[in-house]
Amino acid sequence: MKLKRRRKLVTYLNILDQPIRFNPFLFSRKFILWAFLGLFGGVIAGLYWLVLEFFTHQLANYDGWLVIPTMAICGLLAGLIIHFIGDPGEIHLIVNNIRFNKGRLDPKNNPSMILSSLLCIASGGSLGPEAPLVQVVGSAGTWFGKLFRLKGEDLRSMSIAGMASGFTAMFGAPLGGSLFALEILHHKHAVEYYKAIMPAFVASCFSYLVFALITRLSLGALWNLPSYEMLSKFDFLYAVFFAIIATCFGWLFIFCTKTLKQLFSNLVVPIYIKTLIGGISLGIIAYYLPLTRYFSHYELNTLLLSDFSLKMLIAILIFKIIAIAITVTSGWRGGFIIPLFFCGATLGLIIHQFIPSISLSLTIVSCMAAINACVTRTPMSTTILLATLTGFTYFIPILFASLTGYFLAPRIPFITSQMENEEN
């Protein structure tokens with residue numbers, strides 16, 4: 001019986017290997033694979049988001065001083081999962097696998113990544129779900145590619161398309177998510193993977209639709225910035241000026257992260273002790289500054305709608321940077337893109353108190369773009385993502401700020417796998 005099933009499967013795969021006959025369009029079986037991957041990725045991302053929302057609401061009840069033991073316990077549990085099930089790695093590993101492992105993302109890391117990231121994000125860690133979604137959906141792309149016997153660049157393209165689906169589901173921006181998946185792989189040679197552009201676009205569009213249907217999240221801008229109208233050509237110069245300031249804080253974040261990484265690496269203890277220490281530290285920060293808790297998906301709107309004093313904004317900015325650095329270096333799992341946007345928005349509010357005559361929206365979005373481009377080296381996708389997430393329809397000032405952050409970034413990238421090594 002098993003032999004008959006295998007023969008049928010081989011027959012079906014041989015049929016799928018054949019080109020679609022009498023087809024005058026570019027439409028082919030590959031389009032079906034990309035679309036199916038996007039649908040599958042949207043389902044995975046939607047279910048992950050629903051579970052994350054459930055756990056987040058449950059753990060949010062433990063506020064006040066209870067936030068410290070709550071985050072400590074969740075950090076310990078996440079560390080135990082990583083210790084016994086396996087280390088899923090970070091974004092560095094994903095980028096290296098795409099570049100040097102022929103585009104293969106191993107699905108064996110998914111259980112550890114899903115469980116540990118749910119605990120870390122839901123309890124209030126300053127990292128978002130984009131990294132887990134990229135790992136899980138990207139590995140699904142690898143699995144689909146192997147199932148349909150794809151090789152070489154076709155297999156790598158399927159993995160990248162899965163990554164793009166994960167980014168898109170989180171950000172709600174098919175174009176920005178697709179470009180981010182390509183741009184983060186290699187900061188100077190994104191065109192290396194030009195064959196993956198169309199698979200990424202197609203998979204992202206289908207993933208976006210399914211994710212929106214499952215989660216019922218509202219479409220459109222995620223963060224409510226005041227309306228902006230460009231009245232002066234000097235706005236471009238203002239954007240560059242604000243971006244230079246934000247880039248300095250990008251350097252501060254990188255320095256803080258490198259320092260804490262060195263401290264944690266010097267601790268000769270199991271991973272669950274490091275995540276426990278990280279949880280206690282994050283809990284203490286969240287106790288005194290509750291707005292620094294979580295990955296800022298919703299907290300950013302709270303920040304924009306509140307009337308914080310200058311001292312409070314400075315405290316939020318400094319300790320949010322420290323919280324992200326602790327989360328990244330202590331073994332907690334997640335992505336740091338939205339938390340960096342939060343830091344940029346906080347910095348924009350601080351600058352606006354000194355220069356109130358300049359548009360608040362321009363100040364905020366310039367800082368958000370520059371700090372993210374400085375750390376991730378993704379100026380093109382950062383521009384499109386921010387335009388989508390904030391409803392800021394003037395692309396050019398955002399692009400000026402993103403390019404400023406990119407070209408003033410440290411020569412040694414924060415994501416070390418972006419360094420210009422020769423591919424094996």
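The legends below describe close-up views of a predicted model.

Residues are numbered from 1 along each chain as its sequence is written, and side-chain values use heavy atoms, with hydrogens and water left out. Because the model is predicted, local features need pLDDT of at least 70 and side-chain atom pairs count only at pLDDT 80 or more, while totals for chains, interfaces and linings use all residues.

**View 1. The largest nonpolar core contains 81 residues.** A nonpolar core is a set of buried Ala, Val, Leu, Ile, Met, Phe, Trp, Tyr and Cys residues joined through side-chain atoms within 4.5 Å. Here, buried means under 20% relative accessible area, exposed over 50%, and partly exposed in between (1.4 Å probe, protein chains only). The members that touch the most others are Phe 171, Trp 223, Phe 253, Leu 300, Phe 336, Phe 341 and Met 368. Helix 14, residues 337-354, gives the most to this core, with 11 residues. Helices (H or I, at least four residues) and strands (E, at least two) are DSSP runs, numbered from the N terminus.

**View 2. Leu 300 and its contacts are shown.** With neighbours within four places in sequence left aside, Leu 300 is in contact (heavy atoms within 4.5 Å) with Trp 223, Phe 341, Phe 342, Ala 345 and Met 368. Among these partners, Trp 223, Phe 341 and Met 368 are, like Leu 300, listed with the core members that touch the most others.

**View 3. Trp 65 belongs to a nonpolar surface patch of about 750 Å².** Patches are made of residues with over 30% relative accessible area and no salt bridge; like charges are joined within 9 Å, nonpolar side chains (Val, Leu, Ile, Met, Phe, Trp, Tyr) within 5 Å. A salt bridge is a side-chain nitrogen of Lys or Arg within 4 Å of a carboxyl oxygen of Asp or Glu. Accessible areas come from the Shrake-Rupley method with a 1.4 Å probe; for residues, only the protein chains shown count as cover. Trp 65 lies in the loop between helix 2 (29-59) and helix 3 (67-85) and is exposed, at 60% relative accessible area.

View 4. The whole structure has 0 disulfides (pairs of cysteine sulfur atoms within 2.5 Å). Cys 248 is exposed, at 51% relative accessible area, whereas Cys 374 is buried, at 1%.
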